[in-house]
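Me: Could you walk me through this model and tell me what lies behind the labels?
Reply: Happy to; here it is.

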Amino acid sequence: MSKCISILGSTGSIGRQSLEVIAACGMEVAALTANSSVEKLEAQARQFNPKLAVMTDERAAADLKVRLADTQVKVAGGMDGLLEAAAIPQADTVITAVVGMVGLRPTLAAIREGKRIGLANKETLVCAGPLVLEEAKDYGAQIIPVDSEHSALFQCLEGNRDRGEVKRLILTCSGGPFYGKTAAELQGMTREDALRHPNWSMGAKITVDSATLMNKGLEVIEAMHLYHMPPEKISVVIHRESIIHSLVEYCDNAMLAQLGAPDMRLPIQYALTWPKRVPGPAQELDLWNCGPLTFGAPDLKTFRCLDLALRAAQEGGTAGAVLNGANEEAVAQFLAGKIGFLDIAGKVEGAMEQVTVVQNPGIGDILEADRAAREAVR
Ligand code: NAD
Ligand code: MG
């Protein structure tokens, strides 16, 4: 069970909910980091009194240093600061809750210190899954998923000693805000439409990914790496209610599911308390009033991002890094109002056609795939 935690990306949706869990469970905070939200980080630092507070933006770091001058908190900036927060000796656990591939180097830094990783930053696994997991094995670092679906799979796989008995992993998918819409209807969808998610309140990038269903595609690749399963043994089921967080089907056709209210504080907490469970702030699930649970197939023709991700999963090598880099860039363009909603899939597909995939990649190949994919989108 974790005692002292460093949170990378503490001002975001996952970061803030992690602090609620930490406060409720009486754990300590070693380091907090954010990109540029100085006021929020200052308030968090005053409340949780970490050893270190980091702003990746250097100007924001200078500002924070002045603001925290009356405290004992050390302030650092840039990628060096992020790496320092990841490797800080006081922390036994690092929650990776930054958004995007920028999380890769700090995640590796934490792994090399043998820390437990509460992994929210799925982009890191999509780009460099085999590399990250190999390092974790070498350094004896536990990687416990924070993503609700992967936490559900983790829980449903516990006690199963023989992975050969697993027939299939089934990821549930809410369908996002545009469930049931046709391609023609999706054409005119705006940033504001895409940011209105029915069941979860999350950061902007993942909310757009949930609208395109790219999020589920990234999650298939994340599950493939985390649980060493080939993509053909991972299915996606539309489950609008977000009550079942995912399922494991075994070779005797038994299915195990994990249920809970849609509340990220539960998977966050389990990543910190595993293998124990303790009472915490996550909402109770009221089975008598949660209504019927429904299941259906995803529409891969309309939501092409999911299809593209499944293709990248099949292709392997740097295909995940290309998919992810192109998607990060395309989503940023969509959020900036530069391209339409359906252009996101078009841009990602274009990059996948242009950039050559390398098998068994090293870190250099992954960074190059990411760079080339972003350039192709631009
Ligand atoms: P968010 O946008 O709310 O927060 C992101 C955090 O990272 C902020 O603290 C921000 O300051 C920091 N950050 C942003 N860009 C940065 C950069 N370039 N360098 C350093 N720090 C930077 O995002 P979120 O919704 O909390 O998601 C974080 C991660 O968790 C993502 O990888 C997402 O896919 C994953 N995740 C989120 C949820 C959720 O419910 N929000 C669920 C599952 C997985
Ligand atoms: Mg998820």
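**Labels and their cut-offs**

Reply: The protein chain divides into domain 1 (4–145), domain 2 (161–261 + 286–312) and domain 3 (316–378), with bounds from an automatic or database domain assignment. This is a predicted model, where local features need pLDDT of at least 70, side-chain atom pairs count only at pLDDT 80 or more, and totals for chains, interfaces and linings use all residues. Residues are numbered from 1 along each chain as its sequence is written, chains are lettered from A and ligands numbered from 1 in the order in which they are written, and side-chain values use heavy atoms, leaving out hydrogens and water.

Me: Why does Glu-149 count as buried?
Reply: Buried means under 20% relative accessible area, exposed over 50%, partly exposed in between (1.4 Å probe, protein chains only). Glu-149 has 8% relative accessibility, so it counts as buried. Glu-219, at 1%, is therefore buried too.

Me: Which residues of domain 1 and domain 2 are in contact, by number?
Reply: 12 residues of domain 1 touch 13 residues of domain 2, contact meaning heavy atoms within 4.5 Å.
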